[in-house]
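Here is a short walk through one protein chain. Keep the 3D view open and follow along, from the overall form down to single side chains.

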Amino acid sequence: MAAERWDYVIIGAGSAGCVLANRLTADGKTRVLLLEAGGQDKSLLIHMPAGVGSLISAKGDYNWGFWTEPEPHLDDRRLWWPRGKGWGGSSSINGMIYIRGHARDYDLWRQMGLQGWGYADVLPYFKRSEALEGGGDDWHGSQGPLHVSKAPAAHPIYSRFMAAGVEAGYKSTTDFNGFQQEGFGPYQLTIRDGRRWSAAAAYLRPALKRPNLSTVTGARTTRILLDGSRASGVEFVEGGQTRQVFADAEVLLCAGAVQSPQILQLSGIGDPDQLQSAGVETRHALKGVGANLQDHLDASLCWETVGVRTAYSYSAGINQLFTGLNYMLFGRGHGRENFLESGAFLKSRPDLDRPDLQLHLVLAIMQDHGKKSVAKDGFTVHVCQLRPESRGRVGLRSADPFDDPAIFANYLAAEEDRRALREGVKMVRDVVGRPALASLRGVELIPGPSVASDAEIDAWIRTAAETIYHPVGTCRMGVAGDPGAVVDAELRLMGLQGLRVVDASVMPTLVGGNTNAPTMMIAEKAADMILGRAAPGPDPAPFAEQAEAA
């Protein structure tokens, strides 16, 4: 039987893989095979924004449902790590918040020697990707495949929360992705006309009709095939059968910050000591694979509401059926909402050059990723520390490709991380206690008034903090001679030909915000690199802090 040969083989139909599948096949000639371990994005829960809670909280067809190793600074708890499975990857199960991060996050990458990754360099790719509701401007695109809507934030809790932030002395902003990130304001969302607009909806589905794109679902990658110092193809299991396919140009690894390093290590690419302990023969020594893991840790404070209905009332008892039917039959009602329409970016101390805390206001009482239900109307404020100093790693449990990876996030190892999150809890309480929310705010349920001192707050955080789903860094970019770098500034694997990593794992440091939009930006930029196209010229659109410095 003749070997299956393609120009490019993409591993993973997540946020980055969908972008590449579209951009690389746009000429109608470049032959691309897209491999996805999960299935198609057919579930109503994916397309109905209100279904996000069910998707995040349960392992299944659309969620890998990983667990970390015991976390020593979180009372040795194993933390739940949802990761998207199937077309769209995590963009098919996430909270649909569109955030790019702070301009200085990208300027820091450039200062690390990663030419072409400064804010002015990446802004054109964000704009190329985006179609902002109402039209583009200096910071936003209007013609891209990714529809971005402006949250109406019409529920009184949203507007009162933003007003309370101003009462507490913080800034306000109308656009977290525009001139000024810092302050309280409404979110932008990857929702189009009441439907989730995932990477699969934006990029993959429009490309499926192209004869030069083929997809295989249920394809579990077991290793990348190496021919000397070149990646030549991919081995995967589909329907119980092992198959091999070959890439004449490149293999493009887009499996995410957890599974990209896992696949590399299964292929014998990584730290020789780590590989040996897992029973894998080293084929290409690269110590940085799996290291440098960073994630946003999150503490959730919850209050009852008085006199207003929230997500609980919309989904309790017969109302759940009514909400679902109203959405399915007419595309109307609360099924169109993600219940995450306002938030804030704040500084935990005034000397910082950019916000280090992010708040997400949820129109529900959320415990343990929604795994625990509370039969009351209320709201949750997630406080997330944006720039952790702590570093973890992703490794192998064994040489079995069907084993889950070993995830050691190492949360709160650094004192600065503990300080910032503790301060964030205090800041949230101060904001929620302001007059703007007084008529709607009931009692504080979590953590409750008994948790007051710094020691008590720290102890509660250790028992309650969870991921807010933004792991990055495990195949990080770096320059020649950097012993921890896995890929170079063009995302090519160090020391190997024919292999690039294109996903959130290449970020050298976490951006200040949700990571889905930056992952799609990385893939847009990678497509130009792969095809040998010149990058667009730098975009000088200003950011507030830059203007203040000038």
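β13 and strand β14 (residues 230–238) pair in the antiparallel sense. Their pairing runs over 8 bridges. The two strands form a hairpin, with 2 residues between them. Look at the turn: G228 sits there with a positive phi of about 65°. Across the pair, R223 stands opposite E235 in β14. How many residues of strand β13 are buried? Of the 9 residues in 219–227, 7 are buried, so the strand is largely enclosed by the rest of the structure.

Now step back to the whole. This is a predicted model. The chain has 550 residues, and 62% of them count as buried. It holds 15 helices and 26 strands. Along the principal axes, the C-alpha atoms fill a box of roughly 70 × 50 × 50 Å.

Next, find a sheet. It is open and has 4 strands, in the order β5-β9-β7-β6. The pairing in this sheet is mixed. Its edge strands are β5 (97–98) and β6 (130–132), each of which pairs on one side only. Strand β7 (residues 146–150) and strand β9 (residues 188–189) are joined by 2 bridges. These two run antiparallel. Here K150 stands opposite Q188 in β9.

Charged side chains come next. Side chains of opposite charge can pair when their charged atoms come close. How many salt bridges does a search of the whole structure find? The count is 40. One of them joins R205 to D41, with the closest N and O atoms 2.5 Å apart. R205 lies in helix α7 (residues 199–207), while D41 lies in the loop between β2 (32–36) and α2 (44–47). The pair therefore ties together parts that are 164 residues apart in sequence. Is each partner buried or exposed? R205 is partly exposed, with a relative accessible area of 35%. D41 has a relative accessible area of 1%, so it is buried.

Another salt bridge links D430 and R434. Their closest N and O atoms are 3.0 Å apart. D430 counts as partly exposed because its relative accessibility is 30%. R434 is partly exposed too, with a relative accessible area of 25%. Both values fall between the limits of 20% for buried and 50% for exposed.

R492 and D488 also meet through their side chains, at 2.9 Å from N to O. R492 has 38% relative accessibility and counts as partly exposed. D488, at 16%, counts as buried.

Turn to the cysteines. A disulfide is a covalent bond between the sulfur atoms of two cysteines. How many disulfides does the structure hold? The number is 0. C384 is in no disulfide, and the nearest cysteine sulfur, that of C302, is 16 Å away. C384 counts as buried because its relative accessibility is 0%. Now look at C475. The closest cysteine sulfur to its own is in C254, 11 Å away, which is too far for a bond. The cut-off for a disulfide is 2.5 Å between the sulfur atoms. C475 is buried as well, with a relative accessible area of 0%.

Finish on the surface. A nonpolar patch lies there, formed by L44, I318, L321, L325, M328, L329 and F330. Together these residues have about 720 Å² of accessible area. Which helix gives the most to the nonpolar patch? Helix α11 (residues 318–330) does, with 6 residues. L321 is one of the residues in helix α11.

Terms used:
Residues are numbered from 1 along each chain as its sequence is written. This is a predicted model: local features need pLDDT of at least 70, side-chain atom pairs count only at pLDDT 80 or more; totals for chains, interfaces and linings use all residues. Side-chain values use heavy atoms; hydrogens and water are left out. Patches are made of residues with over 30% relative accessible area and no salt bridge: like charges are joined within 9 Å, nonpolar side chains (Val, Leu, Ile, Met, Phe, Trp, Tyr) within 5 Å. Accessible areas come from the Shrake-Rupley method with a 1.4 Å probe; for residues, only the protein chains shown count as cover. A salt bridge is a side-chain nitrogen of Lys or Arg within 4 Å of a carboxyl oxygen of Asp or Glu. Buried means under 20% relative accessible area, exposed over 50%, partly exposed in between (1.4 Å probe, protein chains only). Two strands pair if DSSP finds at least two bridges between them.
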